Amino acid sequence: MFGTMHAPSRAAVLALYPDADFASDWDISEVAYGRPSAQGVLTGPSSATVRFADDAVHNATLVGPACLLWSNGTWWTR
């Protein structure tokens, strides 16, 4: 589930990295868009909660092997 994800509304990639110390923690870098990093945590085998500092807290669900569906209706794919 970790690696580079693509948002359909963006030409570049959004990088999703597992935290170095805890495999269940996420750091999401959107620096290419001038956005601050987002942090989150896995909440189950196919779900996570992420706080986007410039937006809100969103839940993500892994749908299939390479798609994240977000609680705001957006999705990212590998």
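## Starting at the tail end

Arg 78 is found in the segment after strand S8 (75–77); strands here are DSSP runs of E with at least two residues, while helices are runs of H or I with at least four residues, and both are numbered from the N terminus. With a relative accessible area of 44%, Arg 78 is partly exposed. That label has cut-offs: buried means under 20% relative accessible area, exposed means over 50%, and partly exposed sits in between (1.4 Å probe, protein chains only). Although Arg 78 and Ala 7 are 71 residues apart along the chain, their C-alpha atoms are separated by 9.0 Å.

A quick word on where this comes from: it's a predicted model, in which local features need pLDDT of at least 70 and side-chain atom pairs count only at pLDDT 80 or more, while totals for chains, interfaces and linings use all residues. Residues are numbered from 1 along each chain as its sequence is written, and side-chain values use heavy atoms, with hydrogens and water left out.

## The whole chain

Have a look at the overall layout: there are 8 strands and 0 helices, so the DSSP-based list of elements reads β-β-β-β-β-β-β-β from the N terminus on. Of the 78 residues in the chain, 24% are buried.

The chain exposes about 4,500 Å², and carbon and sulfur atoms supply 58% of that (areas come from the Shrake-Rupley method with a 1.4 Å probe, and for residues only the protein chains shown count as cover). Now for contacts, meaning heavy atoms within 4.5 Å. Among the contacts with a separation of 6 or more, 21% are between residues 24 or more positions apart.

Let's walk through the later strands. S5 and S6 run antiparallel and pair over 5 bridges; to count as paired, two strands need at least two bridges found by DSSP. They form a hairpin with 4 residues between them, and Ser 47 stands opposite Thr 61 in S6.

Next, S6 and S7 are antiparallel too, joined by 3 bridges. Here Thr 61 faces Leu 69 in S7, and Leu 62 has Leu 68 as its bridge partner. The hairpin of S6 and S7 has 4 residues between the strands, and Gly 64 in the turn has a positive phi of about 75°. S7 then pairs with S8 in the antiparallel sense over 3 bridges, with Leu 68 opposite Trp 76 in S8. In that hairpin, again with 4 residues between the strands, Gly 73 takes a positive phi near 95°.

## The nonpolar core

In soluble globular proteins, nonpolar side chains tend to be buried together. The largest nonpolar core in this model has 12 residues, including Met 5, Trp 26, Phe 52, Ala 60, Leu 68 and Trp 76. To qualify, a core must be a set of buried Ala, Val, Leu, Ile, Met, Phe, Trp, Tyr and Cys residues joined through side-chain atoms within 4.5 Å.

Which elements give two or more residues to this core? They are S3, S5 and strand S7 (67–70). S5 gives the most, with 3 residues. As for Ala 60, leaving out residues up to four places away in sequence, Ala 60 touches Ser 46, Ser 47, Ala 48, Leu 68, Leu 69 and Trp 70.

Thr 49 lies in strand S5 (residues 47–52) and is partly exposed, with a relative accessible area of 25%. The side chains of Thr 49 and Asn 59 are joined by a polar contact of 2.8 Å. A polar contact is a pair of N or O atoms within 3.5 Å; within protein, one must be able to donate a hydrogen and the other to accept it, and residues adjacent in sequence count only if both atoms are side-chain atoms.

Is His 58 buried or exposed? His 58, in strand S6, counts as buried at 10% relative accessibility. The side chain of His 58 also makes a polar contact of 2.7 Å with the side chain of Asp 55. Beyond its neighbours within four places in sequence, His 58 is in contact with residues including Thr 49, Phe 52 and Trp 70.

## One salt bridge

Side chains of opposite charge can pair when their charged atoms come close. The structure holds 1 salt bridge, meaning a side-chain nitrogen of Lys or Arg within 4 Å of a carboxyl oxygen of Asp or Glu. The side chains of Arg 35 and Asp 54 meet in this salt bridge (2.8 Å, N to O). Arg 35 lies in the loop between strand S3 (25–29) and strand S4 (38–44), and Asp 54 in the loop between S5 and strand S6 (57–62), so the pair ties together parts that are 19 residues apart in sequence. Asp 54 itself counts as partly exposed, at 43% relative accessibility.
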